[in-house]
Amino acid sequence: MKVLVIGGTGWVGHNIALACSRAGFDTTVMSRNPDARFSREVAFLPRITGDKTNRDFMYETLKSGNYDCVIDSVPTVAAIAILSEFSGLYDRYIQCGSVGVYTPLQYIPADENHQWGMKDYDGFMGKVAADRAMFEANAAGTLRGTVLRPSCIAGPGKLPLDNIGGRRDDFIADIMAGKTLDLLDGGSALLQIVHVRDLGRAFALAVENPETVGEAYNICGANAVTVRKYCEIIAEALGKEAKFNSLSFDAMIAKYGEDIRGGLTFLAEHMCFDIFKAVNELGWEPEYSVTAAVAENAREFA
């Protein structure tokens, strides 16, 4: 099985590439930046440097590669259009989406039948647009595509989600210093975590299963916790006691500024999802508990 991982030197992408390699696939990594942060981790794999939105480049890459499956870790509508045009040069396509497309949730846990693409989040509509483009191409018969939708991703290599909806670099330092954390409405929103290595394994399993064509799969941890509990897990992993202050949405914006509005709005939504379909059809299940995933992420940056 020959696999091309687009964005394979990124945080998510290199974990997908490693998982595919471990599964025994002939895995090639493609990215625009030869010096990307995670290049060293996948240096033993064949490497292609180029832009997925360059039509001529992608044609030559796919024509010469003879790939069975193309994976895009950061899909775009423009790239999907090119991959659809040249879909006769490979068999299947898998892209990384997000369970965030389902919000606001009408029921919990939300499964793959839940309506999606209902809300416009600042900076997030690219996920909705990419999923829509993939499914439209699939329905038109121009792409044999699948989307895996992870929840909030944790694990080594990237800062953890913080208390205001971003990944600020002083979040762990604040906990270590015993500072009080502001939480929107006391941190009552639900949050579901998946470890980045578990996500990588899900992609490898999807590659193995041609029955995934035309389907979406929620790739999440086994259970959800509140944002407050998430912060408590981090503090406990660092040997600290978490301290909290509850603020309204408007008070949070007034204190931290308009730049956090998009992330905070997203953090305010419940994130609680059903993973039965992935377990049943992919044979996937998370190996990392929420506590293990969050604790590993926190200790890296302590």
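These legends walk you through several close-up views of a predicted model.

**View 1. The largest pocket and the residues around it.** Welcome to a space of about 1,200 Å³. Its lining counts 48 residues, and Val 12, Val 74, Lys 127, Ile 153 and Lys 158 are the ones nearest the centre. Helix α9 gives the largest share of this lining, four residues. At least two lining residues each come from α1 (11-22), β2 (26-31), β7 (152-154), β9 (190-195) and α9. By residue type, the lining holds 20 nonpolar, 19 polar and nine charged residues.

**View 2. Tyr 102 and Phe 273, a tilted aromatic pair.** Searching the whole structure turns up three aromatic pairs. In this one, the ring centres of Tyr 102 and Phe 273 are 5.8 Å apart and the planes meet at 40°, so the pair is classed as tilted. The two partners are 171 residues apart in the chain: Tyr 102 belongs to the loop between β5 and α4, while Phe 273 belongs to the loop between α9 (261-267) and α10 (276-282). Tyr 102 and Phe 273 are both buried.

**View 3. Trp 116 with two partners, Phe 135 and Arg 149.** The rings of Trp 116 and Phe 135 make a tilted pair, because their centres are 6.0 Å apart and their planes lie at 45°. Trp 116 sits in the loop between β5 and α4, and Phe 135 is 19 residues away in helix α4. Trp 116 is partly exposed at 24% relative accessibility, and Phe 135 is also partly exposed, at 21%. Look too for Arg 149, which lies over the face of Trp 116 at 4.7 Å from the ring centre.

**View 4. Lys 2 over the ring of Tyr 67.** Here the charged end of Lys 2 is 5.2 Å from the centre of the Tyr 67 ring.

**View 5. Helix α3 and what covers it.** Helix α3 spans residues 77-85, and its buried residues are Ala 79, Ile 80, Ile 82, Leu 83 and Ser 84. Among the elements that cover them are the strands β1 (2-6), β4 (69-72) and β5 (92-96), along with the helices α2 (55-65) and α4 (125-140).

**View 6. Helix α7 and the glycine that follows.** Within α7, residues 227-237, you will find Val 227, Tyr 230, Cys 231, Ile 233, Ile 234, Ala 235 and Ala 237 buried. In an α-helix there are 3.6 residues a turn, so residues three or four places apart point the same way. After α7 comes Gly 239, with a positive phi near 70°.

Definitions and conventions: Residues are numbered from 1 along each chain as its sequence is written. This is a predicted model: local features need pLDDT of at least 70, side-chain atom pairs count only at pLDDT 80 or more; totals for chains, interfaces and linings use all residues. Side-chain values use heavy atoms; hydrogens and water are left out. Buried means under 20% relative accessible area, exposed over 50%, partly exposed in between (1.4 Å probe, protein chains only). Contact means heavy atoms within 4.5 Å. Rings of Phe, Tyr and Trp (its six-membered ring) pair if their centres lie within 6.5 Å; planes under 30 degrees apart count as stacked, over 60 as edge-to-face and the rest as tilted. A charge sits over a ring if NZ of Lys or CZ of Arg is within 6 Å of the ring centre and within 35 degrees of the ring normal. On a 1 Å grid over the protein atoms alone, a cavity is a set of points where a 1.4 Å probe fits but cannot get out, and a pocket is an open set with protein on both sides within 12 Å along at least five of seven lines; lining residues have an atom within 4 Å of a point. Grid points are joined across faces, edges and corners, and a volume is the space filled by probe spheres set on the points. Ala, Val, Leu, Ile, Met, Phe, Trp, Tyr, Cys and Pro count as nonpolar, Asp, Glu, Lys and Arg as charged, and the others, Gly among them, as polar.
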